[in-house]
Amino acid sequence: MPASPFTRLHLVQAPHHPCPLIAGPCSAETEAQTLETARALAAQGVHYYRASLWKPRTRPGSFEGVGQLGLPWLRRVETELGMQTLTEVATAEHVEEAYTAGLRAFWIGARTTASPFAIAELAEALSGRDVLLLVKNPPQPDLELWEGALLRLQAAGITRLGAIHRGFSTYARGSYRNAPLWQLPIELQRRHPELTILVDPSHIAGDRKLVPLVARMGLEMNFSGLIIETHCTPEAAWSDAAQQLSPLQLQQLLQQLDLYATSSSSTPSLDLDPLRAEIDRLDGQLLSLLSERMQIAERIGALKRAAHLPIVQPERYRQLLEARLQDGRTRGLDEGFVRELFSSIHEAAVHVQQAAQH
């Protein structure tokens with residue numbers, strides 16, 4: 001594999017924080033709310049402050065951000081509190097307005113990442129400018145689209161570049177607002193070990209009660225840091241109220257996290273080899289069983305072809321999935337995980353049956 005073009009970001013980390021942290025409200029709503037939240041976070045040692053000014057919304061009629069009006073508010077946070085502020089940019093006009101106002105750190109949202117045309121426009125607008133830029137994964141679980149956006153921006157000369165894992169939209173509804181699908185950011189990290197990947201537990205969870213759990217999971221998987229939505233009065237927030245923490249709740253979360261994101265070179269030596277060997281053995285058994293299952297699916301496909309039956313039979317799939325979910329519950333497995341697993345297995349079996357009919 002060719003060398004990765006990315007270099008690790010050097011993000012400021014407070015001595016008493018478990019990892020580099022970006023925190024702040026989903027949206028900058030008023031100057032008072034922006035400054036009140038920032039002051040509370042600055043008192044905790046938070047160095048990076050996030051707040052959206054432009055909000056790309058799925059449906060019209062919801063709060064779409066204060067726009068350019070909020071730029072002086074974020075500059076006040078920087079000049080008065082010494083924090084680095086970040087806001088989302090989705091167009092070249094956003095970049096020009098924010099950069100002219102003095103902002104030097106941005107993120108690209110999930111919907112924008114999903115459009116190569118939008119990424120190309122932003123790459124051109126940001127080219128030649130020394131900025132910190134973070135790229136969220138697209139809503140759909142498409143690793144190539146996420147990696148492609150990062151590579152396009154890197155090719156435009158943006159060197160201070162990182163990624164944000166905020167979860168994925170899937171057909172199956174699990175425990176979270178956006179399914180973590182950890183295998184995708186893990187694969188991105190495998191391809192580009194020097195790429196800084198932050199975890200956004202707020203958007204994955206969608207519920208403030210689940211944010212601490214997802215934050216811990218992110219650190220347990222050794223990602224580089226966290227970006228957590230924090231609001232001075234989260235219940236009254238104008239957007240994403242259910243997933244935002246108060247500054248006090250954020251402080252409590254950080255105190256409870258006893259894991260520190262580390263490089264592999266600094267991982268303590270543990271006698272993990274016997275357990276890893278057991279995992280390897282079980283994985284081999286899983287693959288053998290999956291291969292056997294696909295062989296049966298191929299035979300089913302041939303029989304359906306002979307009987308002129310459709311490949312997909314929704315009622316059979318519904319019954320199968322319900323049975324597997326019930327079996328998973330009795331075994332203590334997460335329902336969202338079981339649903340995603342058997343959805344993937346079913347999709348693969350459909351492809352096998354299609355191939356058997358041609």
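Me: Which residues in helix 12 meet which residues in helix 13?

Reply: Keep in mind that this is a predicted model. From helix 12 come Tyr317, Leu320, Leu321, Arg324, Leu325, Gly328 and Arg329. They meet Glu335, Val338, Arg339, Phe342, Ser343 and His346 in helix 13. By class, this contact has six nonpolar, three polar and four charged residues.

Me: How is the geometry of such a pair described?

Reply: Packed helices are described by the angle between their axes and the distance between the axes. Here, helix 12 (residues 314-330) and helix 13 (residues 335-356) have axes that come within 9 Å. They cross at roughly 140°. The crossing of helix 12 and helix 13 is right-handed.

Me: Which residues of helix 5 are buried?

Reply: In helix 5 (residues 116-126), Ala118, Ile119, Leu122, Ala123, Ala125 and Leu126 are buried. They lie on the same side of helix 5 because they cover an arc of only 165° around the axis. The face turned away from that buried side carries the exposed Phe117 and Glu124.

Me: What covers the buried residues of helix 5?

Reply: The cover includes helix 3 (92-101), strand 4 (105-108), helix 4 (110-113), strand 5 (132-136) and helix 6 (143-155). Just after helix 5, Gly128 takes a positive phi of about 85°.

Me: How many residues does the largest nonpolar core have?

Reply: In soluble globular proteins, nonpolar side chains tend to be buried together. The largest nonpolar core here has 67 residues. Leu150, Leu153 and Leu226 have the most contacts inside it. Another core, of twelve residues, lies apart from it, with Leu132, Leu134, Leu198 and Ile227 among them.

Definitions and conventions: Residues are numbered from 1 along each chain as its sequence is written. This is a predicted model: local features need pLDDT of at least 70, side-chain atom pairs count only at pLDDT 80 or more; totals for chains, interfaces and linings use all residues. Side-chain values use heavy atoms; hydrogens and water are left out. Axes are lines fitted to C-alpha atoms, for helices over the stretch in contact, and angles run from 0 to 180 degrees between N-to-C directions. Helices (H or I, at least four residues) and strands (E, at least two) are DSSP runs, numbered from the N terminus. A crossing is left-handed if the near helix is turned anticlockwise from the far one by less than a right angle, and right-handed if clockwise. Contact means heavy atoms within 4.5 Å. Ala, Val, Leu, Ile, Met, Phe, Trp, Tyr, Cys and Pro count as nonpolar, Asp, Glu, Lys and Arg as charged, and the others, Gly among them, as polar. A nonpolar core is a set of buried Ala, Val, Leu, Ile, Met, Phe, Trp, Tyr and Cys residues joined through side-chain atoms within 4.5 Å. Buried means under 20% relative accessible area, exposed over 50%, partly exposed in between (1.4 Å probe, protein chains only). The arc is that of the directions from the helix axis to the C-beta atoms.
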